[in-house]
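Please open the model in your viewer and keep the selection tool at hand. The tour moves from one stop to the next, saying at each what to select and what is there.

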Amino acid sequence: MTSLLLKGIEKHFGSVNVIRGVDLRIDDGEFVVFVGPSGCGKSTLLRLISGLEHISDGELMIGDRLVNEVQPSERGVAMVFQSYALYPHLTVRDNMGFGLKVRKVPAGERQRRINEAAATLKLDALLDRYPRELSGGQRQRVAIGRAIVGNPDVFLFDEPLSNLDAELRVHMRSEIAALHKRLSTTMIYVTHDQIEAMTLADKIVVLRDGRIEQVGSPRELYERPANMFVAQFIGSPKMNVLPAANAQLLTPAAIVPASAESVGVRPEHLKVSEARDGILRGKVSLCEYTGAITLLHVTLPDGQLCLVTSDDHMAPPLGSEIGLTAQAEKLHFFDHQGRREKPAPDAGVQ
C-alpha cells in the first residue's frame, strides 16, 4: 500500500491556471474520490498524479519518492479510463496481458497474473472472447483487470462508469467497492456523480475552479459542509438555501448567528404541516412521484422555490398552501461569503 502527498500542486495551460495550489494527503489503502462540477479540475489532477500531464509547480510524493519528473510507467500507478480502450483484435486474455508482454514479463508469470485478476473479477469464462462479444460492464471489468495485472501501488479511475446504463452503474459500483476491500490498495476515483462519491469513498475531495473546497468523509460533508457550495453540491436533491430570517419561521428553537445571511435546510429535513401564522408557508407548484419518495416543489411568498421530500407519498393538491417546519439541529447557517457559521452551543446543531 502507498500514500500520496500533494504540496502546492499547480497546473497552467498557457496563461490559464487550471489547478491552483492543491495540498492533499491520501493515506495508505484509502479510497478517495475527487468530485466537483465539469471543469473543476478533477480529471486534470488525476492526470497530474498519473504523469500524463506535467506539473507546473509544487511537489507530488508517491510513497517516499518525489515523482514530478518520473515517467508514468515508473510511478507504480495504473489508470482506468472512461473509455475501455480495449484492442478489438485481441482476446480478453491478450488485452489483460498486453502491458505485461510489452514489459517482457515471462509468459508463465503473465498467465499467472491474468488468471488471478480474472478470478478476482469473475472473468474466467470470458478470457477467450473478443471485446465485441462482451457487455459494457464486462468490458469495463476487463479494463480494470488490465490494471490489476500490473500490481500497481495506486489505482486511478477517471469516470469509469460514465458509459454504462443506470442498472450497470449500480452493479459496477458494488464491484469496485468489493475490489477495493479485497486488494486494500490505494484508489483515487474521479466522478461528477455525487452518489458514486458518497457510496464509494472513504474520503471525498470536493473541487471547484481548481481548488479544494473541502475534504472529509461522506458523512462529514453531508452533515457539516464547510460552505454553501459544498452544502448544495453534496446531497440529492440539493440543499435549499433561504434568507436567514426564515430560520425562526421553520422552528422557533432556531438560534441564528449574528453574521448569518442564509439558512440551509435539506429537502429530506423539511416536514409538511398545516399552513398557519408564524411558520414558513408556500404553495405546492409541482409533485414528482419517484417510487421511494415524493418530491414537492413549493413556491414561497418571495417567489423562491423550495424542495421537500416526503417518504409517505403525501401529495397535497397543486396550488394548495402548506406550512414547512424543521428541527433546529438540521439547519445550516452561512455568512455573506457563503461560509458555514458555527451555531451557538444551545442551538443543538453539530
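In which order do the four strands of the open sheet with β11 stand? The order is β11-β12-β18-β19, and the pairing is antiparallel. β11 (240-243) and β19 (340-341) stand at the edges with a single partner strand each, so one side of each has no neighbour in the sheet. Strands here, at least two residues of DSSP type E, and helices, at least four residues of type H or I, are DSSP runs numbered from the N terminus, and two strands pair if DSSP finds at least two bridges between them.

Before going further, note that this is a predicted model, in which local features need pLDDT of at least 70 and side-chain atom pairs count only at pLDDT 80 or more, while totals for chains, interfaces and linings use all residues. Residues are numbered from 1 along each chain as its sequence is written, and side-chain values use heavy atoms, with hydrogens and water left out.

**The whole chain**

Now select the whole chain, which has nine helices and 19 strands, and whose C-alpha trace spans about 80 × 45 × 35 Å along its principal axes. Of its 350 residues, 50% are buried, where buried means under 20% relative accessible area, exposed means over 50%, and partly exposed lies in between (1.4 Å probe, protein chains only). Among the contacts (heavy atoms within 4.5 Å) with a separation of 6 or more, 64% are between residues 24 or more positions apart.

**A second open sheet**

Next, select β2, β1, β4 and β5, which form an open sheet of four strands in the order β2-β1-β4-β5, with antiparallel pairing. β2 (16-26) and β5 (65-66) stand at its edges, and each has a single partner strand, so one side of each is left without a neighbour in the sheet. Strand β4 (residues 57-62) pairs with β5 over two bridges in the antiparallel sense, and M61 has L66 in β5 as its bridge partner.

In the loop between β4 and β5, select D64. Is D64 buried or exposed? D64 counts as exposed, because its relative accessibility is 71%. D64 and L5 are 59 residues apart in sequence, and their C-alpha atoms are 9.3 Å apart in space.

**Helix α2**

Move on to helix α2 (residues 92-102), where V92, N95, M96, G97 and L100 are buried. The buried residues of α2 pack against α3 (107-120) and α4 (136-148). Just after α2, K104 takes a positive phi of about 60 degrees.

**A hairpin to finish**

Finally, select strand β9 (residues 203-208) and strand β10 (residues 211-216), which pair in the antiparallel sense over five bridges. I204 has G216 in β10 as its bridge partner. Two residues lie between the strands of this hairpin, in which D209 takes a positive phi near 50 degrees.
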